[in-house]
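Take a look at the sequence and the model below.

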Amino acid sequence: MSRAKRRDRHGRGLRGPLAPPEVPISLTRSEKFDDLVREEVQRIVAPWSERLAGVEFAVEDVPRPDPDETRVPLSATREAGGTTRVVVFRRPVESRAGSSGQGERELVRLIHELVVEEVAALLGVPPEEVEP
């Protein structure tokens with residue numbers, strides 16, 4: 001009977017995680033993106049909290065395919081069950097930010113612009129009024 005080979009060749013035990021789960025290095029790209037969106041939403045929505053009380057903000061990986069659209073949306077506002085929901089689409093935003101070569105700074109700037117535009121549209125004011 002042959003024994004299955006394992007990666008514990010030298011008797012030191014199995015490897016554990018390189019970093020504890022609470023350290024930022026252990027976050028996935030998706031979790032980092034969620035955190036960036038959450039921070040921007042909290043910062044931008046704070047002055048408008050009364051008028052945006054029933055609005056939910058969410059992150060989805062990709063938008064649903066729409067045959068009428070020629071461009072892939074980066075964000076959208078949807079009405080569902082009497083609730084307004086602002087959605088930022090992670091993969092298209094990361095793709096757009098990554099193509100500029102600026103990395104995370106460009107990603108943060110793009111998320112900021114998307115949240116400001118969606119909030120301005122909901123409030124019916126120009127984006128400059130939401131974030132001067």
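The model is predicted: local features need pLDDT of at least 70, side-chain atom pairs count only at pLDDT 80 or more, and totals for chains, interfaces and linings use all residues. Residues are numbered from 1 along each chain as its sequence is written, and side-chain values use heavy atoms, with hydrogens and water left out.

**Helix H1**

Helix H1 covers residues 29–45. Helices (H or I, at least four residues) and strands (E, at least two) are DSSP runs, numbered from the N terminus. H1 has 17 residues, which should span 24 Å at 1.5 Å a residue. The expected span is 1.5 Å times one less than the number of residues. The end C-alpha atoms of H1 are 24 Å apart, which agrees.

Buried means under 20% relative accessible area, exposed over 50%, partly exposed in between (1.4 Å probe, protein chains only).

| State in H1 | Residues |
|---|---|
| Buried | Phe 33, Leu 36, Val 37, Glu 40, Val 41, Ile 44, Val 45 |
| Exposed, on the other side | Glu 39, Gln 42 |

Seen down the axis of H1, the buried residues fall within an arc of 135°, so they line one face of the helix. The arc is that of the directions from the helix axis to the C-beta atoms.

Glu 40 is buried, at 10% relative accessible area. Glu 40 touches (heavy atoms within 4.5 Å) Val 108, Ile 111 and His 112, not counting residues up to four places away in sequence.

Strands S2 (residues 75–80) and S3 pair in the antiparallel sense over six bridges. Strands pair if DSSP finds at least two bridges between them. Arg 78 has Arg 85 in S3 as its bridge partner.
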